[in-house]
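Thanks for asking me to look through this one with you. Here are my notes, written to be read beside the structure.

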Amino acid sequence: MFEKLLNMNRQIVFILVVLAVIIPMLLNIRLPLAVSEPTQKLYDYIDELPSESTIMIAFDYGPSSFAEPEPMAEAVMKHCFDKGIKVVGLTLDPEAVTLADNVMQKIAEEKGAINGIDYVLLGYREGPIQVILGMGVEIASVFESDYTGTPLSDIPMMADITNYDQIDLLLDLAAGTSIDAWITFANTKYGLKIGAGVTGVIVSEMYPYLQTGQLVGLLSGFLGAAEYEKLIDTPGKGIAGINTVSFVHLLVVGLVVLGNIAFFIQQRKEQG
Amino acid sequence: MKRQVPLILCFLFGVVMILTEFSPHAASQSVYNEIVNWTLIVWPFATVLAVATLVQTHWARIQRRSEHWQYSYVVFAGIIVMAAIGVPFGMKHPAFEWLFNNVQVPMGATMFSLLAFFIASAAFRAFRARNTEATLLLVTALIVMMGNVPVGDLVWNEVMAWSPWSDKVSEARQWILDNPNLSARRGIILGISLGGISQSIRIILGIERSYLSGGDA
């Protein structure tokens with residue numbers, strides 16, 4: 001029996017994963033959620049910003065990983081628009097421009113924010129490090145127009161924004177190593193405050209920056225998005241996502257424990 | 001000459017950029033700003049080179065009938081269709097947005113989603129407490145996984161209700177991330193940074209020349 005279990009067909013595991021994803025979605029389960037310290041820090045930082053402040057959001061993720069950072073983007077933008085904080089969007093990833101445009105338009109419509117007054121999407125430019133350094137000198141030298149082609153000089157909310165000196169926070173929503181570049185070239189050189197929202201697989205890499213204060217706060221995958229949604233009291237994709245992820249995690253833990261029990265019993269049998 | 005000029009340029013710009021870091025003088029900052037602007041102009045040429053190399057590589061695959069050469073036609077189809085819409089009409093054109101939202105996004109999301117299936121299957125097969133190191137890794141991974149999701153707290157509290165650690169899984173996960181994980185990661189960052197500095201010095205001084213293509217000769 002244990003030998004059979006150890007050699008279980010992987011298609012059975014696949015079916016179990018499908019069920020662990022679908023069933024919680026159908027049942028619409030709500031799990032109790034505590035807010036972790038890194039999420040609370042980011043929320044507090046944004047919440048304490050006065051109205052008319054400006055935060056920059058870097059949408060540094062592509063279609064393959066947007067499921068985790070997108071709920072973070074939605075939650076943070078809702079919080080910003082509710083508080084009257086202006087949002088400047090951009091990306092260092094050519095695949096992310098349309099994703100960023102979609103999410104900014106969606107939340108702006110929901111909150112009644114106006115393009116050019118409450119938010120603007122600058123778009124994408126080649127060369128991540130050059131773009132980060134260039135904006136420290138002058139944003140208009142890198143992005144002469146926004147994503148729709150409107151010159152920055154014609155955009156009301158950009159009238160008083162020249163470079164990072166007028167940006168209160170850069171939030172990098174990332175699925176890769178862009179945060180290292182933002183910290184090295186924008187935080188260290190220009191003193192820009194940086195927060196991060198990253199996919200679960202790279203979150204452990206962010207802790208040194210969090211401890212040194214180079215990151216003001218950190219959102220960790222679906223969990224971070226769900227916690228932020230809880231803080232702004234607006235359930236969304238993050239809470240729905242973490243409920244599904246919870247059961248897949250539970251399944252994987254269960255499979256590992258089961259596999260190890262079977263492994264030990266099998267070993268005992270072979271020895272004795 | 002083909003080697004000397006790039007080496008001299010590399011040395012000059014490398015030294016100048018280092019010096020501007022240590023001087024807040026207006027002239028120094030003006031030089032810095034100017035060079036940053038130049039790099040913004042130079043960088044897009046790398047993209048042109050990248051596209052040319054991609055086309056060259058896949059054209060050669062088709063000509064040589066290498067393994068899976070048929071897929072190279074898919075690469076060309078993708079480049080031509082997206083460029084034919086995106087270059088003249090821009091990325092806001094409905095056809096470009098439709099192709100992105102309905103072809104690229106689902107394909108990318110599907111590739112990433114497959115990971116869940118393979119990770120679950122691989123964890124079941126390979127994650128075994130065969131020795132002390134593997135057991136430590138296994139226990140750490142299970143605690144972090146349980147602490148990462150709300151249902152982990154619920155299950156842990158039920159299973160460990162008899163013990164003094166009944167409500168500690170999130171704290172345990174945070175401690176692992178804040179201490180052993182942070183220490184190891186910081187060591188890696190320091191190592192990478194020191195390596196980066198030494199490699200940069202070698203490039204500026206012309207000791208490391210592999211970027212000129214053709215090795216160190």
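The points below go from the sheet to its helices, then to the core and the contact between the chains.

1. A reminder before we start: this is a predicted model. Please read every value below as computed from that model.

2. Let's begin with the sheet in chain A. Six strands make up an open sheet, and their order across it is 3-2-1-4-5-6, with parallel pairing. From one strand to the next, the twist averages 15°.

3. On one side, strand 1 pairs with strand 4 (residues 169–174) of chain A in the parallel sense, over six bridges. Strand 1 of chain A is also joined to strand 2 of chain A by five bridges, and these two run parallel. A:Ile57 shows both pairings: A:Leu171 stands opposite in strand 4 of chain A, and A:Gly89 is the bridge partner in strand 2 of chain A.

4. Is strand 1 of chain A buried or exposed? Seven of its seven residues are buried, so strand 1 of chain A is largely enclosed by the rest of the structure. Both faces are covered: A:Thr54, A:Met56, A:Ala58 and A:Asp60 are buried on one side, and A:Ile55, A:Ile57 and A:Phe59 on the other. From strand 1 of chain A, the chain passes through helix 4 (residues 69–83) to strand 2, in a right-handed β-α-β crossover.

5. Strand 3 pairs with strand 2 of chain A in the parallel sense over four bridges, and A:Tyr119 in strand 3 of chain A is the bridge partner of A:Val87. The chain goes from strand 2 to strand 3 of chain A by way of helix 5, and this β-α-β crossover is right-handed too.

6. Helix 3 (residues 37–47) of chain A lies across strand 1, strand 4, strand 5 (194–198) and strand 6 of chain A, and runs at about 135° to strand 6 of chain A. Helix 5 (residues 97–111) of chain A packs on the sheet and touches strand 1, strand 2 (86–91) and strand 3 of chain A, its direction making about 175° with that of strand 3 of chain A.

7. Helix 10 (residues 221–231) of chain A is another enclosed element: 10 of its 11 residues are buried, so it is largely enclosed by the rest of the structure. Among the buried residues are A:Phe222, A:Glu227, A:Glu229 and A:Lys230. Their cover includes helix 3, helix 4, strand 5, strand 6 and helix 11 of chain A. After helix 10 of chain A comes A:Asp233, with a positive phi near 60°.

8. Which residues touch the most other members of the largest nonpolar core? They are A:Ile57, A:Val76, A:Leu170, A:Trp182 and A:Met206, in a core of 105 residues. Helix 11 of chain A gives the largest share of this core, 11 residues. Neighbours within four places in sequence aside, A:Trp182 is in contact with A:Ala58, A:Ile132, A:Leu170, A:Asp172, A:Asn187 and A:Ile194.

9. Next, the contact between chains: 45 residues of chain A are in contact with 46 residues of chain B. On the chain A side, helix 2 (10–27), helix 5, helix 6 (128–137), helix 7 (139–142), helix 9 (207–212) and helix 11 (237–271) each supply at least two residues. Helix 11 of chain A contributes the largest share, 15 residues. By type, the residues of this side divide into 27 nonpolar, 15 polar and three charged.

10. With 25 other C-beta atoms within 10 Å, A:Val245 is buried. Not counting residues up to four places away in sequence, A:Val245 touches A:Phe222 and, in the other chain, B:Val149. A:Pro24 lies 221 residues away along the chain, yet the C-alpha atoms of A:Val245 and A:Pro24 are separated by 9.3 Å.

Note on methods. Residues numbered from 1 in each chain as written. Chains lettered and ligands numbered in written order. Predicted model: local features only at pLDDT ≥ 70, side-chain atom pairs only at ≥ 80, totals over all residues. Pairing = 2+ DSSP bridges. Axes fitted to C-alpha atoms, helices over the stretch in contact; angles between N-to-C directions. Contact = placed C-beta atoms within 7 Å. Nonpolar A, V, L, I, M, F, W, Y, C, P; charged D, E, K, R; others polar. Core = buried A, V, L, I, M, F, W, Y, C linked by C-beta atoms within 7 Å. Buried ≥ 20, exposed ≤ 12 C-beta atoms within 10 Å, placed from the backbone. Right-handed = clockwise from strand over helix to strand, strands pointing away.
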